[in-house]
Amino acid sequence: MKQPALRADVAAQSFRDAVARLMDDVGELVARTVENGDEQRPPYAVVPRSAIEASVRMNLETVRNSLLAGAPVVDDRDVEALTIRVDERLGQGLGVEDGIQGWRKSISVIQERFLEIAAEEGVDAVASLDAVRVLWQLSDLMTNQMAALFRSRQLTGALRRSQLRAEFLEKVLAGGLPVSEVHARAEELGLDTTIDYLTVKAGTAPGASVEALRRRLESRAGDLVVVADGYCFGLLSGPVDALAPEDLVALGPAAPLPEAGASFELAKRIHDWMGRHGVRGRRRIEDIGWRLAVDRDEAVTSLLLRRYRAPLDSMGEFGALIWRSIRAYVSADKNVARAAEALVVHQNTLRYRLARFTEITGANLDSTDTLLEVAWALAADPDEAA
């Protein structure tokens, strides 16, 4: 009865000796890991050899505990060590697939070397097969753990980058940063500090995706657009290309980053003007011109509406017809034929309405000043067409 027990003790000791030898073979394991990694996974080139050696040592600790226990053993220290390594690899520019491949390669090298040592130590085939099974289970367990850590860390990093982008935009668009800080923070975000940027405030139709609009606006690597309060705000390194029909995009003039605040103030004014007048698409100050000042100067606007619009109100529908005729006449650059065609009336009918307007308001439509005042009143009128 003692002989089988003795043989079992000898076999167990041989297994423990093989595990002990494996733990002392760090140099060989690192060399094989680096060699295989460089051939099959170029990202290993960016990981220092000292970091690879540290990873191999940590992996060996986990492997030893699992082999001696006959089952995968992963304790809190293993998870903590794995978390540190994940953070290091992310800092070295590697992603989840690189990390998982690196772990699997390390375990593969350890397994291969253990089987070599086990043969030399006389470990029986059953015990060696059990060891391989344990290492496969350990590899799957740690792979899942590593994937979860990578994705968690990447999500946290993405949220932090998004927060930094939003904070920078909020401050630079408010004009509240010193020039040196603007440049430093812009470079951290990958922005080119040597070019001028268009500022943008944009929205879209209710129910439409504001995030989709953000992606349409942020079409270049040098663009920076965030979503806040249902609108898009940002900096564009070039013109806006593809837009959806429901988009409303207001652009401030191109300016250096330290002067983006003044540009954004104009973008907000343009956005407000577009919203009041039901205008969609993209607009810059060049597209709107003096009309942007109409809503700004209430005193002038009120005066001109009293002078040219109010006298027609008491005339009911006929007054409204005259006002629409004036609008068509001004829009047609005082061309009676085109204006009459747009109104679908005879030219003489239009001339009669123009004469009545002059008679009622005292306006001389041949005067440049008067024509500008009438155009201002038309632009300010609530019935102004987009």
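R32 is buried, its relative accessible area being 16% (buried: under 20% relative accessible area, exposed: over 50%, partly exposed: in between; 1.4 Å probe, protein chains only). The model is predicted, so that local features require pLDDT of at least 70 and side-chain atom pairs count only at pLDDT 80 or more, while totals for chains, interfaces and linings use all residues. Residues are numbered from 1 along each chain as its sequence is written, and side-chain values use heavy atoms, with hydrogens and water left out.

R32 belongs to helix α2 (residues 26-40); helices (H or I, at least four residues) and strands (E, at least two) are DSSP runs numbered from the N terminus. The side chain of R32 forms a polar contact of 2.7 Å with the side chain of E28, and another, of 3.0 Å, links the side chains of R32 and E116. A polar contact is here a pair of N or O atoms within 3.5 Å; within protein, one must be able to donate a hydrogen and the other to accept it, and residues adjacent in sequence count only if both atoms are side-chain atoms. When residues up to four places away in sequence are not counted, R32 touches V109, E112, R113 and E116 (contact: heavy atoms within 4.5 Å).

The protein contains 17 helices and 5 strands. Of its 386 residues, 41% count as buried. Among contacts with a separation of 6 or more, 69% are between residues 24 or more positions apart.

The 5 strands of an open sheet follow the order β2-β3-β1-β4-β5, with mixed pairing; two strands pair if DSSP finds at least two bridges between them. The edge strands, each pairing on one side only, are β2 (224-228) and β5 (281-283). On average, neighbouring strands of this sheet are turned by 15 degrees against each other, direction ignored.

Strand β1 (residues 198-203) is mostly covered, with 6 of its 6 residues buried. L198, V200 and A202 point one way from β1, whereas T199, K201 and G203 point the other way. Strand β1 runs antiparallel to β3 (residues 231-236), to which 5 bridges join it, and A202 has C232 as its bridge partner in β3. Strand β1 is also antiparallel to β4 (residues 248-251), with 4 bridges between them; V200 stands opposite L251 in β4.

L236, located in strand β3, is buried at 1% relative accessibility. The C-alpha atoms of L236 and L198 lie 5.0 Å apart, although the two residues are 38 residues apart in sequence. Beyond its neighbours within four places in sequence, L236 is in contact with Y197, L198, V200, L217, R220, D223, V225 and L251.

Helix α9 (residues 260-276) lies across β1, β3, β4 and β5, at about 30 degrees to β1. Axes are lines fitted to C-alpha atoms, for helices over the stretch in contact, and angles run from 0 to 180 degrees between N-to-C directions. Helices α15 (residues 336-343) and α16 (residues 347-361) pack at about 100 degrees, with their axes 9 Å apart. The two helices α15 and α16 are therefore roughly perpendicular (65 to 115 degrees; under 35 counts as roughly parallel, over 145 as roughly antiparallel and the rest as oblique).
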